[in-house]
Amino acid sequence: MARFDLIISNGVVITAEDLGQYDIGIKDGKIVKVVAKGSLKGAESKRVIDAQGGYVMPGGVDAHVHLEEPPLFGKGSTADNFETGTRSAVCGGTTTVIAFAPQPKTEDSLLDVLKETHLKAKDNCYSDYSFHLLVGNPSEKALGEFATLREEGISSLKIYMTYEALRLNDSQILDVLLEARKQGITTMVHTENDDIINWMTKQLENRKLFDPKYHATSHPAVAEFEAAYRAICLSEFIDVPILIVHVSSPVAVKHIREAQSRGLPIYAETCPQYLFLTKKDLDKPGFEGAKCICSPPPRDGPEDQEGIWIGLIDGTFTVISSDHCPFRFDDSVNGKKTVLNEEYPNGRFKYIPNGCPGVETRLSLTLNADRLELKRFVELTSTNVAKLYGLHPQKGALVPEVSDADIVIWYPPGEMEEFELDNSMLHHNVDYSPYEGRKFAQWPRFTIIRGEVVWDRDGEGLVGKKGFGKFLKRASSSLAGSRQGGEWDINEF
Ligand code: DUC
Ligand code: ZN
Ligand code: ZN
């Protein structure tokens with residue numbers, strides 16, 4: 001029997017901790033050797049990939065992906081299911097996704113929702129996967145199910161401070177945080193002030209301002225940073241970790257950094273749309289701007305983008321996710337165009353489904369920007385994600401005998417023929433990308449999951465198989481948790 005199933009030689013291996021010239025040996029889906037370049041020369045292996053000096057990293061982990069969801073964020077349903085969404089992920093270098101299992105307000109159980117979401121994903125995924133419960137109704141029953149969720153390998157959930165279909169008030173948020181603390185669950189919070197958004201929407205509509213660009217006006221930065229600050233206060237009150245998702249406002253970044261500097265377990269996520277788009281992208285002729293409508297919206301200009309980059313560089317942000325929430329553009333049944341009619345030829349911004357596709361472009365966009373040190377890039381897009389969501393070191397690392405052999409191999413720097421992105425190059429079930437026309441000088445050359453090549457850009461392209469992806473039972477976060485530990489004690493107040 002061959003000593004290895006796969007050897008990756010001649011790569012510049014980058015993890016969150018180290019960068020060096022190593023060869024990697026893989027056997028039975030696991031990393032078994034990471035040794036000095038050339039050490040595995042001549043070793044018996046079923047296959048050898050010569051990385052030719054290209055970067056070799058742990059596969060991307062994208063923990064913010066909306067797949068096969070009903071209408072929750074305006075009219076329309078998400079275009080990708082577990083098959084097409086994870087197909088797109090692997091072609092962009094992402095080897096694990098965590099998608100949402102959404103509990104509608106009308107449902108009081110979370111376990112039923114989990115069961116349904118398992119059925120949607122089972123035998124359909126190209127990448128490994130897990131779920132966050134999206135809690136729309138923290139009923140007594142739902143709160144009582146958190147302990148079982150942990151037994152089922154679910155260690156995170158998401159709650160919303162806006163959206164009619166999902167919004168929780170502060171007292172419901174406290175209920176969730178207290179139970180999450182007891183069970184070692186990480187809560188992701190969508191922080192936007194619903195009343196400010198609704199008030200601004202009314203102001204705009206009273207003035208007959210309906211075009212897509214007014215979506216950004218109706219979701220001002222203050223709505224985000226007020227809610228982010230409030231979420232931090234609620235988290236501090238219960239003394240429980242939270243992750244503030246898709247941060248777009250530099251003022252919110254300041255609140256987060258201040259909380260972190262007081263030792264609070266406040267984690268933060270941002271997404272490529274806040275690094276590469278601005279509100280100008282919503283101000284395109286006709287309905288075109290609807291393609292870039294998401295919440296929070298891309299902010300005013302380069303100074304806002306710079307504020308997010310600084311937070312990535314200085315350590316304030318924990319993770320970069322895609323918030324892949326795909327709606328087809330030219331689709332009047334489930335997509336962005338559901339809002340067009342004779343009376344409103346450019347629709348009404350308040351009904352346009354919120355979300356952009358991006359699971360396949362997350363890694364390449366961020367790497368091509370060349371703003372992050374390479375180890376920090378791996379930390380933000382893979383290692384920290386795995387730590388935060390209880391998957392490390394199985395995922396997000398290259399530890400011999402421990403880590404799954406999930407790897408992305410890039411082109412040797414300067415060797416890939418630069419190209420302009422066209423939607424036809426992508427593998428989602430969406431008819432556009434917000435990033436079409438952008439130039440890329442890097443793209444994943446190979447994606448490998450548990451030792452199997454699933455993406456070979458210069459060969460047959462997608463070579464992975466639907467159903468290869470496995471459900472991952474997760475542990476609690478391995479990042480710092482509450483400061484006190486033990487029971488939350490009301491006598492301390
Ligand atoms: N934001 C979006 O743009 N879409 C999905 C949900 C969200 O929070
Ligand atoms: Zn959100
Ligand atoms: Zn989202």
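Which side chains meet in a salt bridge at 2.8 Å, N to O? Glu379 and Arg376. One caution before I go on: this is a predicted model.

Back to that pair. Glu379 and Arg376 both sit in helix H13, residues 374-388. They are three residues apart, about one turn of the helix. An α-helix has 3.6 residues a turn, so residues three or four places apart point the same way. Glu379 has a relative accessible area of 23%, so we call Glu379 partly exposed. Arg376 is at 12%, which means buried, because the cut-off is under 20%.

Stay in H13 for a moment. Ser382 has its place in that helix too. Its relative accessible area is 1%, so Ser382 is buried. A polar atom of the Ser382 side chain lies 2.9 Å from the backbone oxygen of Gly59.

There is another serine to look at. Ser139 lies in the loop between strand E8 (128-134) and helix H3 (140-144). With 15% relative accessibility, Ser139 counts as buried. Its side chain reaches the backbone oxygen of Asp108, at 2.8 Å.

Back to salt bridges. How many does the rule count? The count comes to 30. Let me pick out a few.

Take Asp5 and Lys27. They form a salt bridge, with the closest N and O atoms 3.6 Å apart. This pair links distant parts of the chain, 22 residues apart. Asp5 is in strand E1, residues 4-14, and Lys27 is in strand E2, residues 19-27. Buried or exposed, Asp5 and Lys27? Both are buried.

Next, Asp281 and Lys284. Here the closest N and O atoms of the salt bridge are 3.5 Å apart. Asp281 is at 17% relative accessibility, so Asp281 counts as buried. Lys284 is at 37%, so Lys284 counts as partly exposed.

Then there is a network. Salt bridges link Lys30, Asp128, Lys395, Asp404, Asp406 and Arg450.

Now the metal. What coordinates the zinc ion, ligand 3? His64 through NE2, His66 through NE2, and Asp323 through OD. The distances run from 2.0 to 2.2 Å. Along the chain, the donors follow the spacing H-x1-H-x256-D. Both histidines, His64 and His66, are buried. And there is a neighbour: the zinc ion that is ligand 2 lies 3.7 Å from the zinc ion that is ligand 3. Ideal angles at a metal are 109.5 degrees for four tetrahedral donors, and 90 or 180 degrees for six octahedral ones.

On to ligand 1. Which residues come nearest to ligand 1? Of the 13 residues around it, the nearest are His190, His246, Cys294, Ser295 and Asn354. Look at the polar contacts. His190 places a polar side-chain atom 2.8 Å from an oxygen atom of ligand 1. Ser295 uses its backbone: a polar backbone atom there is 2.8 Å from an oxygen atom of ligand 1. Asn354 also brings a backbone N or O atom, 2.9 Å from a nitrogen atom of ligand 1. And the cover? On its own, ligand 1 has 230 Å² of accessible area, and the protein covers 100% of that.

Next, helix H12, residues 362-369. Why is H12 described as largely enclosed by the rest of the structure? Because six of its eight residues are buried. The buried ones are Arg362, Leu363, Ser364, Leu365, Thr366 and Leu367. Asp370 follows H12, and its phi is positive, near 60 degrees.

Last stop, the surface. Phe237, Ile490 and Phe493 form a nonpolar patch there. Together they have about 340 Å² of accessible area. Phe493 lies in the segment after strand E19 (461-462). Its relative accessibility is 56%, so Phe493 counts as exposed.

To recap, here are three places to look. At the zinc ion, ligand 3, find His64, His66 and Asp323. At ligand 1, find His190, Ser295 and Asn354, which are among the nearest residues. On the surface, find the patch of Phe237, Ile490 and Phe493. Over to you for questions.

Terms used:
Residues are numbered from 1 along each chain as its sequence is written. Chains are lettered from A and ligands numbered from 1 in the order in which they are written. This is a predicted model: local features need pLDDT of at least 70, side-chain atom pairs count only at pLDDT 80 or more; totals for chains, interfaces and linings use all residues. Side-chain values use heavy atoms; hydrogens and water are left out. Donors are N, O and S atoms within 2.8 Å of the metal (3.2 Å for Na, K and Ca); water is not among the atoms, so sites may look incomplete. Buried means under 20% relative accessible area, exposed over 50%, partly exposed in between (1.4 Å probe, protein chains only). Patches are made of residues with over 30% relative accessible area and no salt bridge: like charges are joined within 9 Å, nonpolar side chains (Val, Leu, Ile, Met, Phe, Trp, Tyr) within 5 Å. Accessible areas come from the Shrake-Rupley method with a 1.4 Å probe; for residues, only the protein chains shown count as cover. A salt bridge is a side-chain nitrogen of Lys or Arg within 4 Å of a carboxyl oxygen of Asp or Glu. Helices (H or I, at least four residues) and strands (E, at least two) are DSSP runs, numbered from the N terminus. A residue is near a molecule or strand if one of its heavy atoms lies within 4 Å of it. A polar contact is a pair of N or O atoms within 3.5 Å; within protein, one must be able to donate a hydrogen and the other to accept it, and residues adjacent in sequence count only if both atoms are side-chain atoms.
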